[in-house]
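Hi,

Here is the structure I promised to pass on. Have a look at it first, and then read on for what turned up.

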Amino acid sequence: MRYGFIYTGSDPRVAVELAGLAEASGWHGFFVWEGIWATDPWATLAAAAMVTDRIKLGTMLTPVPRRRPWELAGQTMTVDRLSGGRVILSAGLGVSEAEPRFWTFEDDPGRKHRAELLDESLELMQQLWRAEPFEFEGQHYRAKRTDSMLPPAIVQEPRIPTWVVGLWPRMKSMRRVARYDGWIPNYAPPGNSPESADEQARLFTPEIAAEAIAWIREERGRLGLAERPFDVIQEGTTTGTDAAADAAIVQPWAEAGATWWLESDWSVPAERIEASARARIAAGPPSV
């Protein structure tokens with residue numbers, strides 16, 4: 001099990017300082033959130049790359065359908081090269097118009113359309129990261145072949161590790177996950193759609209995670225990807241002050257097959273985020 005910390009605040013200077021603290025405190029990853037009209041996460045991570053040496057850096061998470069894939073490819077490549085190959089891309093559909101703050105400048109085209117954009121963007125970025133001449137013709141995007149002004153390639157091979165949100169047990173969503181490098185779980189019981197993230201988290205158990213992970217392993221074997229590294233991410237909150245209690249929270253997820261624990265507390269008020277994050281990071285990860 002590896003351990004990452006999600007900074008839920010918006011101050012880029014604080015984020016960069018906390019990334020250094022996280023590395024010094026034994027965390028394996030540092031993540032920032034990505035909004036539509038918000039602090040630029042990739043500029044923040046670029047700065048964090050320059051003050052750290054080992055810790056992984058990424059977003060939690062990037063609404064890929066809302067981004068131009070060539071711009072996102074350039075941003076992630078830049079941070080990957082600055083960090084010496086320490087970037088992770090966490091990719092999702094983005095929230096629906098049920099969260100109006102994220103649809104201030106455009107209308108939600110719908111989940112199906114966003115899913116098409118996600119698939120096509122991820123496919124296109126595989127080519128963009130190689131920095132080689134190519135052609136692409138999709139339903140939503142196209143790329144004409146060019147041999148001039150090609151950017152540098154990414155450091156990591158064969159691509160920047162890409163964690164994808166998957167809704168278990170929706171098979172179309174999960175088949176997308178199985179093709180990439182990690183699963184960020186969402187859960188909707190058959191015949192039911194949880195109305196909130198809190199309800200979804202309450203219903204999703206380590207036992208359900210284990211069932212999904214077994215399916216992913218089988219599917220990756222069918223795709224010929226069984227030998228490729230694959231991560232399973234579980235997000236949650238621990239105290240940092242009670243090692244036994246924290247281990248009791250994390251251990252069942254590790255036993256189910258999760259490979260990353262991402263520490264977060266989205267309930268902390270904005271004025272307390274910096275102090276809370278600093279204290280929790282300094283306490284170190286909840287080892288099991």
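Strands β8 (162-168) and β9 (residues 182-187) run parallel and are paired over six bridges. In this pairing, G166 sits across from P185 of β9. To get from β8 to β9 the chain goes through helix α5, and that β-α-β crossover is right-handed. Before going further, please keep in mind that this is a predicted model.

β9 itself is mostly covered, with five of its six residues buried. It also has a partner in β10: these two strands pair in the parallel sense, here over two bridges. If you want to find that spot, look for G182, whose bridge partner in β10 is D231.

Moving along from there, β10 (residues 231-236) is joined to β11 by four bridges, again with the strands parallel. E235 is the residue that stands opposite L262 of β11. Together with helix α8 (residues 243-256), β10 and β11 form a β-α-β unit, and the unit is right-handed.

β11 (residues 260-263) also pairs with β1 (residues 2-7), in the parallel sense and over four bridges. There you will see Y3 opposite W261.

Now for the helices. α5 (residues 171-178) meets α7 (residues 206-222), with the axes coming within 9 Å and crossing at roughly 60°. The contact involves M171, M174, R175, V177 and A178 on the α5 side, and W215, I216, E219 and R220 on the α7 side. This crossing is right-handed.

There is another helix pair to look at, α1 (12-24) and α2 (residues 41-49). Their axes are 9 Å apart and the packing angle is about 40°. α1 passes α2 in a right-handed crossing too. On α1, the residues involved are P12, A15, V16 and A19, and they meet T44, A47 and A48 on α2.

α2 is mostly covered, as seven of its nine residues are buried. Those are P41, W42, T44, L45, A46, A48 and A49. The cover over these buried residues includes α1, β2 (29-32), β3 (56-59), β4 (62-63), α3 (69-83) and β5 (87-92). Have a look at the start of the helix as well: a side-chain oxygen of D40 reaches to within 2.9 Å of the backbone nitrogen of W42.

One last stop is Q156, which you will find in the loop between β7 (142-143) and β8. Is Q156 buried or exposed? Its relative accessibility is 12%, and the cut-off for buried is under 20%, so Q156 counts as buried. Its side chain makes a polar contact with the side chain of D80, at 2.6 Å. A polar atom of the Q156 side chain also lies 2.9 Å from the backbone oxygen of V87.

Cheers

How values were computed:
Residues are numbered from 1 along each chain as its sequence is written. This is a predicted model: local features need pLDDT of at least 70, side-chain atom pairs count only at pLDDT 80 or more; totals for chains, interfaces and linings use all residues. Side-chain values use heavy atoms; hydrogens and water are left out. Two strands pair if DSSP finds at least two bridges between them. A crossover is right-handed if, with the strands pointing away from the viewer, the path from the first strand over the helix to the second runs clockwise. Buried means under 20% relative accessible area, exposed over 50%, partly exposed in between (1.4 Å probe, protein chains only). Contact means heavy atoms within 4.5 Å. A polar contact is a pair of N or O atoms within 3.5 Å; within protein, one must be able to donate a hydrogen and the other to accept it, and residues adjacent in sequence count only if both atoms are side-chain atoms. Axes are lines fitted to C-alpha atoms, for helices over the stretch in contact, and angles run from 0 to 180 degrees between N-to-C directions. A crossing is left-handed if the near helix is turned anticlockwise from the far one by less than a right angle, and right-handed if clockwise.
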